[in-house]
Amino acid sequence: MSKDVELLVFRHENRVLRRQLGGRPRWDHADRLWLAALSRLANRCRWSDVFPVIPATILRWHRNLVSRKWTYTDRRRPGRPATGAPIKR
């Protein structure tokens, strides 16, 4: 399983590098999402060998990913809550 994850990481890194051809690679949101997801499958002690960024960067990307998912914006509504039906009657 670990070898499969390594191959997926290397293939994705090749796609990013081919897309940019030269200079420092720029990781967009989809790239960060993909690598953060693959990091969950890889053995943590091998991260520095497998991933093209340092482990702290992967952890930061994962924290940002989780914080974007759990914003609870759908629970917040501006203004006063609606009056209940029994009180209206």
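Against which helices do the buried residues of helix 2 pack? In this predicted model, they pack against helix 1, helix 3 (47-50) and helix 4 (55-69). The chain as a whole has five helices and zero strands.

**Overall form**

- Read from the N terminus, the elements follow the order α-α-α-α-α.
- The chain is more spread out than a compact globule, because its radius of gyration is 21 Å, well over the 12 Å that the globule rule gives for 89 residues.
- Taken along the principal axes, the box filled by the C-alpha atoms is roughly 70 × 30 × 20 Å.
- Buried residues make up 22% of the 89 residues of the chain.

**Confidence of the prediction**

- The average pLDDT of the chain is 81, and 93% of the residues score at least 70.
- Among the elements, the lowest mean pLDDT belongs to helix 3, at 80, and the highest to helix 5 (residues 85-88), at 88.

**The buried side of helix 2**

- The buried residues in helix 2 are Asp31, Leu35, Ala36, Leu38 and Ser39.
- These residues lie on the same side of helix 2, because they cover an arc of only 160° around the axis.
- An α-helix has 3.6 residues a turn, so residues three or four places apart point the same way.

**The nonpolar core**

- The largest nonpolar core has 13 residues, of which Val9, Trp27, Leu35 and Phe51 touch the most other members.
- At least two residues of this core come from each of helix 1, helix 2, helix 3 and helix 4.
- Helix 1 makes the greatest contribution to this core, with three residues.
- In soluble globular proteins, nonpolar side chains tend to be buried together.

- Leucine 35 belongs to helix 2.
- Leucine 35 counts as buried because its relative accessible area is 1%, which is under the 20% cut-off.
- Beyond its neighbours within four places in sequence, leucine 35 is in contact with Val9, His12, Trp27, Phe51 and Trp61.
- Leucine 35 and threonine 83 are 48 residues apart in sequence, and their C-alpha atoms are 47 Å apart in space.
- When residues up to four places away in sequence are not counted, tryptophan 27 touches His12, Glu13, Val16, Arg32, Leu35, Pro52, Val53 and Trp61.

**Serine 39**

- Serine 39 lies in helix 2, which comprises residues 29-39.
- With a relative accessible area of 5%, serine 39 is also buried.
- The side chain of serine 39 reaches the backbone oxygen of alanine 36 at 2.5 Å.
- Residues up to four places away in sequence aside, serine 39 touches Trp47, Phe51 and Ile58.

**Leucine 7**

- Leucine 7 is placed in helix 1, which comprises residues 2-20.
- Leucine 7 counts as partly exposed because its relative accessibility is 44%, a value between the cut-offs of 20% and 50%.
- Although leucine 7 and valine 50 are 43 residues apart along the chain, their C-alpha atoms are separated by 8.8 Å.

Key:
Residues numbered from 1 in each chain as written. Heavy atoms only, no water. Helix = DSSP H or I, 4+ residues; strand = E, 2+ residues; numbered from the N terminus. Buried < 20%, exposed > 50% of the residue type's maximum accessible area, 1.4 Å probe, protein only. Polar contact = N/O pair within 3.5 Å; in protein donor to acceptor, adjacent residues only side chain to side chain. Contact = heavy atoms within 4.5 Å. Arc of directions from axis to C-beta. Core = buried A, V, L, I, M, F, W, Y, C linked by side-chain atoms within 4.5 Å. pLDDT = per-residue confidence, 0-100. Rg over C-alpha atoms; globule rule 2.2 N^0.38 Å.
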